[in-house]
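Please look through the model below before reading my notes.

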Amino acid sequence: MRVLVTGHLGYIGPVVVSALNEAGHDIVGLDSGLFRGCALEPSAEVPTIARDLRDVTPDDVSGFEAIVHLAGLSNDPLGFLDPALTHEVNGAATVRLARIAREAGVRRFLNSSSCSVYGAPEEPWVDETSALRPVTPYGESKATAEQGLGQLVSPSFCVVSFRNATAFGYSPRLRTDLVVNDLASGAYLRGEIRLNSDGSAWRPLVHVRDIARAFVLGLTAPSTSINGAILNVGADAQNYTVIEIARAVSEIVPGARLTIAEGAGKDRRSYRTRFERVRNVLPDFSCAYDLRTGIEDLLANFRRLDLRSTDGLVRLAHLQRLIAGAEVDASLRPRVLAA
Ligand SMILES: NC(=O)c1ccc[n+]([C@@H]2O[C@H](COP(=O)([O-])OP(=O)(O)OC[C@H]3O[C@@H](n4cnc5c(N)ncnc54)[C@H](O)[C@@H]3O)[C@@H](O)[C@H]2O)c1
């Protein structure tokens with residue numbers, strides 16, 4: 001299948017591209033290149049459309065059978081940088097892309113959404129039927145996108161939103177602003193596992209390769225079983241509190257000290273998520289990587305690459321640097337578009 005992967009130069013992107021290549025698909029990427037120069041090592045090269053999502057034209061999407069949509073401003077701290085911009089990119093531009101794709105004859109649109117839409121729920125466990133209570137512009141923007149995309153579903157345009165749990169694990173374009181990757185890299189580099197909250201918040205976790213697996217399966221699942229679906233992606237057994245994640249890291253990186261930042265309070269975003277629906281709709285889906293194997297694999301890669309710092313691996317800090325150096329404008333459009 002000829003597939004356009006947006007955001008293929010992000011954290012999840014290269015892992016998805018490898019998995020789709022392995023499954024025999026023909027991939028083209030589309031990305032504005034906000035993290036150019038941040039890769040830890042090369043990954044599979046694919047033809048690339050260097051374009052901002054907000055400027056996509058019908059020509060960019062015509063001829064593709066499916067789009068896997070990953071591009072966006074990913075994570076809560078980044079979402080706070082400019083909430084209106086977060087809504088513009090993650091919400092409006094996502095729905096616009098899907099509308100253009102539908103008009104151009106693309107038949108399937110797989111949207112990378114997030115469990116952050118659950119935010120601060122009133123119930124102890126959430127599933128896809130639970131009310132959405134996002135507590136950040138990022139979570140709100142993902143909920144808006146899902147809603148707008150839902151209105152584009154038709155028998156000839158299959159739309160699925162994958163609500164991924166918090167991703168972890170190694171990617172050639174690693175991010176260390178995700179809880180597991182952050183704690184594991186801090187333990188490895190500084191011998192410190194530093195919590196910026198009291199550690200009581202619940203987070204469902206999913207390994208980046210398991211996210212990729214869900215997208216691979218979603219591409220070929222029968223439209224009759226998947227069209228219009230919203231699917232949490234993760235595993236019931238991988239709901240952890242942040243302090244549990246910290247303890248798992250400390251068991252695997254002996255000697256690393258657990259510290260809690262001064263004045264650290266509760267994280268409002270906290271939820272435990274059920275993942276029954278994805279197993280029903282995509283029967284071949286299950287999570288192959290648990291927290292422990294994911295941390296061990298991260299450490300093996302840190303050692304292999306002789307990782308010395310997290311420069312370029314923290315999204316907000318990287319983009320603030322680009323803004324300060326006028327390499328992107330205030331609306332995060334790169335001065336020079338390049339992959
Ligand atoms: N990482 C997670 O834990 C997680 C969890 C759930 C959902 N998601 C979602 O999955 C998707 C991918 O996440 P990620 O962690 O790989 O993100 P990332 O920040 O690592 O990568 C995003 C990519 O999108 C590109 N991009 C950003 N704005 C763009 C624009 N306006 N036009 C074109 N390209 C643009 C960036 O250049 C980057 O390569 C995002 O939609 C994110 O919200 C991520």
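1. A term first: a residue is called buried when its relative accessible area is under 20%, exposed when that area is over 50%, and partly exposed in between, with a 1.4 Å probe and protein chains only. By this rule Arg-54, at 11% relative accessibility, counts as buried.

2. On the basis of these notes, please keep in mind that this is a predicted model, in which local features need pLDDT of at least 70 and side-chain atom pairs count only at pLDDT 80 or more, while totals for chains, interfaces and linings use all residues. Residues are numbered from 1 along each chain as its sequence is written, and side-chain values use heavy atoms, with hydrogens and water left out.

3. How many disulfides (pairs of cysteine sulfur atoms within 2.5 Å) does a search of the whole structure find? The search finds zero. For Cys-158, the closest cysteine sulfur belongs to Cys-115 and lies 20 Å away, which is too far for a bond; Cys-158 is also buried, with a relative accessible area of 2%. For Cys-287, the closest cysteine sulfur is again in Cys-115, at 11 Å, and this too is too far for a bond; Cys-287 is partly exposed, at 22% relative accessibility.

4. Side chains of opposite charge can pair when their charged atoms come close. A salt bridge here is a side-chain nitrogen of Lys or Arg within 4 Å of a carboxyl oxygen of Asp or Glu, and the structure holds 19 of them.

5. One of these salt bridges joins Glu-88 to Arg-54, with the closest N and O atoms 3.1 Å apart. The pair links distant parts of the chain, 34 residues apart, since Glu-88 belongs to helix α4 (residues 83-103) and Arg-54 to the loop between β3 (48-50) and α2 (58-61). Helices (H or I, at least four residues) and strands (E, at least two) are DSSP runs, numbered from the N terminus.

6. Arg-308 and Asp-306 meet in a salt bridge of 2.6 Å, N to O. Arg-308 is exposed, at 66% relative accessibility, while Asp-306 is partly exposed, at 39%.

Note on methods
A disulfide is a pair of cysteine sulfur atoms within 2.5 Å.
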